[in-house]
Amino acid sequence: MSETQFYTHTIRAGSIKENDEKRTRSSFITDNLWRVAGIGLVVVLWQIGVMTDWINPFLMGSPVGIAGEAWRLIQSGQLLNDTIATVYATVVGFLLGSILGSISGLLLWFSRTTARIIDPFMVALNGLPKIALAPMIIIWFGSGMLSKIALAFVATFVVALLSAYQGTHQIDRNLINLMRSMGASRREVFTKVVAPASLPWIISAFRLNIGFALIAEIGGEFISSDRGLGRMIFVAGNLFNLNVVWVGVITLMIVAIVLYVIVSQVEKRLLPWEQGQR
């Protein structure tokens with residue numbers, strides 16, 4: 001290939017990449033516009049149904065009523081305080097459970113005997129609905145923030161452990177054998193091959209765990225709590241105030257989306273090649 005052909009090929013490849021990026025941005029904007037339009041249509045039809053008595057606002061709430069309650073809760077500071085409490089317990093429990101669980105799962109690579117012994121217990125605990133442990137955890141740690149963090153921790157620890165340990169089994173044995181043939185110790189094999197190769201499995205567990213942590217935290221607030229979005233929804237539901245319930249649910253959806261996006265950005269930084277493949 002001549003120098004002229006090389007530069008021509010490079011410029012053409014850059015142009016194709018730029019066009020692909022423009023199409024991606026355009027598609028992203030178009031998709032979001034359609035989403036907003038769809039949500040707006042549902043809200044308008046909902047409000048029309050309430051105004052024409054097709055929909056009972058006592059059973060379904062109304063967009064105008066939801067907006068009014070949201071503004072009231074924002075002005076009083078209750079919505080912000082409850083949101084902060086829920087996000088704090090969720091994030092702390094998620095980080096503790098995911099990080100400690102991932103480290104524990106990776107360390108099980110050093111002892112297959114230990115892994116075989118605890119594997120049935122971990123599988124059983126993973127299949128157990130974590131909300132079933134909420135009464136005991138609340139009795140042990142009280143009804144405050146600590147019990148909600150503990151619930152989020154329990155919900156995420158086992159998932160991270162099993163995912164990290166599974167990741168250590170998906171490594172190409174030839175890489176490990178190559179390292180050992182070059183005189184590498186088990187610790188060197190672990191730090192240079194096992195841990196880095198298991199990173200995609202660990203990050204995948206993080207993506208799942210952010211939802212599990214939020215579910216466990218809200219479940220704990222439903223049972224016993226003095227603040228949080230779960231408590232706000234529970235109290236409003238008992239008072240048949242569906243508008244406040246909707247405010248709590250919508251806020252939880254926004255929190256879940258934000259947390260998921262943050263985890264996705266972390267994945268993008270740690271695993272850029274995964275994003276390229278997608």
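Residues are numbered from 1 along each chain as its sequence is written. In this predicted model, local features need pLDDT of at least 70 and side-chain atom pairs count only at pLDDT 80 or more, while totals for chains, interfaces and linings use all residues; side-chain values use heavy atoms, without hydrogens and water.

The protein has 12 helices and zero strands. Helices (H or I, at least four residues) and strands (E, at least two) are DSSP runs, numbered from the N terminus. Of the 278 residues, 36% are buried, meaning under 20% relative accessible area with a 1.4 Å probe, protein chains only.

The largest nonpolar core holds 20 residues. Such a core is a set of buried Ala, Val, Leu, Ile, Met, Phe, Trp, Tyr and Cys residues joined through side-chain atoms within 4.5 Å. Phe94, Val189 and Val194 touch the most other members. Helices H4, H7, H8, H9 and H11 each give two or more residues. H9 (186-223) gives the most, with eight. Another core, of 16 residues, lies apart and includes Ile66 and Leu229.

Lysine 148 lies in helix H7 (residues 145-168). Beyond four places in sequence, lysine 148 touches residues including Ala89, Ser143 and Gly220, with contact meaning heavy atoms within 4.5 Å.

Note on methods
Buried means under 20% relative accessible area, exposed over 50%, partly exposed in between (1.4 Å probe, protein chains only).
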